[in-house]
Amino acid sequence: MSERPLPGRRGVLRGSLAASAALTLPAAAGAAALGSAPALALSGRPRAAWGVQTGDVTADSGLVWVRADRPARMIVETSATESFRRPVRWRGPLLGPGTDFTGTTRLHGLPSGREIHYRVLLADPDDPRRTGEPVTGSFRTVPERRRDGVRFVWSGDLAGQGWGINPDLGGYRIYDAMARLDPDFFLCSGDNVYADGPLTASVPLPDGRTWRNVTTEEKAKVAETLAEFRGNFRYNLLDANLRAFNARVPSIIQWDDHEVTNNWYPGEILTDARYTEKRVDVLAARARRAFSEYFPISTLRRPGGRVHRVQHHGPLLDVFVLDMRTYRDANSAGTRPADRQGILGREQLEWLKRELSRSRAVWKVIASDMPLGLVVPDTGDGQPNIEAVAQGDPGAPLGRELQIAELLRFVKHRRITGTVWLTADVHHTSAQHYDPARAAFKDFAPFWEFVSGPLNAGAFPANALDGTFGPDRVFVKAPTVANVSPAEGYQFFGEVDIDGDSGELTVRLREQDGTVLFTQVLQPGRVGQ
């Protein structure tokens, strides 16, 4: 399908942006946007300068997110039209310092497959009549009819390797390209922030140019405190492109390592001299709290909250969001002949098998925050350890590969149709086809894995392949040197388009301006592809 033009009925963020600084900074945020105490020295009415977001969208419900610049009551109004002639009002939570002035409101009883226009107002808790300027947005509820089709985009890795919001280049322009496709939702495959990646005001480029970053206090060092983690999540919302995108495209968010620190695993004790807090479990708990505050994810707000979940999108699609970080075993050489914990943990693996077998969707997208057959090393402690699944030995499964082999065997023997793997993480784009005819482990059905990203981060050469599951790299675009800046290109996102009539699933790998690099069409109803 060709790109759909942005319809005029779509809601967008209000407000104007002035000159170069306002290209990225929230127009009304002022100094509060850059500091850690947004309620200090403020007057007037509450403002929502960080925009709005939606998530957990179903056929009849959705979560709306906002951040206030001071204590405020969140109020959401919805309407079938942009005029808001007959709005329905939803009273949300009181926003305060306990959640860094963020909050969500669940909308329910919505019509399926319809455009929902909403606006968020922030009311003075002491005088409900005093409300700030409303911030508007829109989203489509999930259709119950197959013929409506589904379109979504995915990518990951934002503001990494020292490359932040560059006002000279217009900020995070890739979000404009994704918005032009008018997707039903955006799947972020992890590394939403780089809490371990400080930013400097300028970086010299190899060709003599200078990269300029918008900087904040919290991005001047690695994140260790809760306030610093919150500041990392707040940083990206300084970009006007991202705020406009969030206002009209719902998100499905997962995390990976850089929300905490590079290549982390539970129980790890850091040797990185930049950290005074060496216990990764402490850092991860703080990062997880900030992560749950800055994204509309209902499963994180429940007792024993979790990142892994299933997002149902009508009869055509289920998205299985994995968490390859929280339950993994320690990074190692990956050569153990037995590994019960693996990269998912036993409980999450059993959950995934159970949910896959229950799914009646035509397509089952497995959203993985790390690739399967690409060798991702972890040499942070000077040892030749493995960060993802593959360890470079093309023989029988070892280490974390054993858990993936168990899952792939389960999919084959249960005859689960329409599985596709999507990921990011490795900072290039590629398409891998896995086939038992090429593999050392043969008890599985062929499948595809598609890689995209980064959104705005350093680009890196393509990773080596591990032959255990028989991957064939059908397409790749990657630089030949490490940490190529976004100014030089190599920023990517992917698009998935499911036709409502035929059920065909089309994957397009795209550059940051939307140019199509590679296309693959998959047929429905098959155990293997």
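Q: How many charged residues are in the lining of the second largest cavity?
A: This is a predicted model, where local features need pLDDT of at least 70, side-chain atom pairs count only at pLDDT 80 or more, and totals for chains, interfaces and linings use all residues. Residues are numbered from 1 along each chain as its sequence is written, and side-chain values use heavy atoms, with hydrogens and water left out. By class, that lining has six nonpolar and five polar residues, and the charged count is one.

Q: What is the volume of the second largest cavity?
A: A cavity here is a set of points on a 1 Å grid over the protein atoms alone where a 1.4 Å probe fits but cannot get out, and lining residues have an atom within 4 Å of a point. Among the residues lining the second largest cavity are Arg 173, Trp 211 and Gln 512. Its volume, the space filled by probe spheres set on the points, is about 80 Å³.

Q: How many nonpolar residues line the largest cavity?
A: The largest cavity holds about 200 Å³ of space. Leu 158, Asn 192, Leu 242, Asn 246 and Phe 295 are the closest to its centre, out of 16 lining residues. That lining has no charged residues and five polar ones, and its nonpolar count is eleven.

Q: Which residue in β25 is the bridge partner of Thr 506?
A: Strands (DSSP runs of E, at least two residues, numbered from the N terminus) pair if DSSP finds at least two bridges between them. Antiparallel β24 (residues 505-511) and β25 (residues 516-522) are joined by six. For Thr 506, the partner is Val 521.

Note on methods. Helices (H or I, at least four residues) and strands (E, at least two) are DSSP runs, numbered from the N terminus. On a 1 Å grid over the protein atoms alone, a cavity is a set of points where a 1.4 Å probe fits but cannot get out, and a pocket is an open set with protein on both sides within 12 Å along at least five of seven lines; lining residues have an atom within 4 Å of a point. Ala, Val, Leu, Ile, Met, Phe, Trp, Tyr, Cys and Pro count as nonpolar, Asp, Glu, Lys and Arg as charged, and the others, Gly among them, as polar.
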